[in-house]
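Here is a short report on one protein model. Please look over the sequence and the fold before reading on.

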Amino acid sequence: MTLLDRAIVRFLPAVPKPVVQRSSARYIAGPTLDDAVESVRRLNSGGKLATIDVLGEEISRVSEARSIAKTYRDVFAAIERAKLDSNVSVKLTGLGLDLSYDLCRENLEDAVRTAAEHGNFVRIDMEDSSTTDETLRLYRELRLAGHDNVGVVLQASLRRTLDDVRALGGLRPNVRLCKGIYVEPPPIAFTDDEAVRANFLRCLDEVLDVGAYPAVATHDEWLIVESLRRISQRGLAVDEYELQMLLGVREERADELVAEGHRLRVYVPFGEQWYAYSLRRLQENPAMAGTIARATAARVLRLGR
Ligand SMILES: Cc1cc2nc3c(=O)[nH]c(=O)nc-3n(C[C@H](O)[C@H](O)[C@H](O)COP(=O)(O)OP(=O)(O)OC[C@H]3O[C@@H](n4cnc5c(N)ncnc54)[C@H](O)[C@@H]3O)c2cc1C
């Protein structure tokens, strides 16, 4: 990214919402569950797996958290009805973590139980570092309560992650490993790209050492190649790991990886609360800053007429 791009990206929250919505449309299936079902059907027909996310991390009321939990029940039913190859991803703040730990646990357990009834699986997304301890605690509590159809996410950008992999090792967790999208302070996070990459591979090695199931979630070509090299060196079968990407990102590369015989899962978010997710995706798109600047300028000029 150029310096100008970085500056524009920093001011994204000031960009008019319609511009953000238009620019981020490719990252989101649409506002409804039917939109998600259509996206997953398309992905499945191209040999890709999916994980459906109900957007809604900006909730502030208990009723909203319960409503998201209910939507997940609808998602499992829709996956079964349409015979889709998809699990779900949940954000604990969407299930009420900021309101009450117990409410969140109740909603999460409901999702995991419903998933089990449908022979399905729940991935707990990882949010910013203020939620890491409680997220891992909830994950551990559910596993110790006998729920095996639940997985977690660990972020290579956090300095603590290698210790977290070791601490979870005994549970042989199903781990999605990603760089981590949230901006965290240097005392707790690596801020340099190379350090994040190095920690990603250290953590992946540890995940493999403890015999956990790795879901390698990155579009970074160097990391994809290095991760696959490690996976192949260990002789893992095709169903003993997976690659993951986000909807709308590096789709041609995803096709190639599927053609090479890897299992690849695409993250498919849907819902009305698209704003926070969209901002994060735009902030990461190296080509998006210029597009946003042009779209915003055009809109401002139109309004000025
Ligand atoms: C399936 C999945 C689930 C995730 N879940 C979480 C989670 O639970 N918690 C969390 O903190 N983070 C999560 N992330 C986000 C992740 O942490 C990174 O922020 C994100 O994947 C970008 O990092 P990267 O590894 O792809 O590398 P980058 O260096 O950011 O990207 C590599 C290349 O991919 C392309 N690219 C990346 N992003 C975009 C984009 N938005 N638009 C267009 N091109 C792009 C560009 O060509 C870029 O050069 C998830 C990512 C994936 C793929």
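## Model

This is a predicted model. Every value below is computed from it.

## Helix α8

Helix α8 runs over residues 193-209. Its 17 residues reach 24 Å from first C-alpha to last. That is close to the 24 Å expected at 1.5 Å a residue. After α8 comes Gly211, with a positive phi near 75°.

Which residues of α8 are buried? They are Val196, Arg197, Asn199, Phe200, Leu201, Cys203, Leu204, Glu206, Val207 and Leu208.

## Packing of α7 on α8

The axes of α7 and α8 come within 9 Å and cross at roughly 10°. Angles under 35 degrees count as roughly parallel, so α7 is roughly parallel to α8.

On the α7 side, the contact is made by Thr161, Leu162, Val165 and Arg166. On the α8 side, it is made by Asn199, Arg202, Cys203, Glu206 and Val207. By class, the residues of this contact divide into four nonpolar, two polar and three charged.

## Cysteines

How many disulfides does a search of the whole structure find? It finds zero. Cys178 is in no disulfide, and the nearest cysteine sulfur, that of Cys203, is 11 Å away. Cys203 is in no disulfide either; for Cys203 the nearest cysteine sulfur is that of Cys178, 11 Å away.

Cys178 has 16% relative accessibility, so Cys178 counts as buried. Cys203 has 0%, so Cys203 counts as buried too.

## Pro18

Where does Pro18 lie? Pro18 is in helix α2, residues 17-23. Its relative accessibility is 36%, so Pro18 counts as partly exposed. Pro18 and Arg123 are 105 residues apart in sequence. In space, their C-alpha atoms are 30 Å apart.

Methods:
Residues numbered from 1 in each chain as written. Predicted model: local features only at pLDDT ≥ 70, side-chain atom pairs only at ≥ 80, totals over all residues. Heavy atoms only, no water. Disulfide = S-S within 2.5 Å. Buried < 20%, exposed > 50% of the residue type's maximum accessible area, 1.4 Å probe, protein only. Helix = DSSP H or I, 4+ residues; strand = E, 2+ residues; numbered from the N terminus. Expected span 1.5 Å × (residues − 1). Axes fitted to C-alpha atoms, helices over the stretch in contact; angles between N-to-C directions. Parallel < 35°, antiparallel > 145°, perpendicular 65-115°, else oblique. Contact = heavy atoms within 4.5 Å. Nonpolar A, V, L, I, M, F, W, Y, C, P; charged D, E, K, R; others polar.
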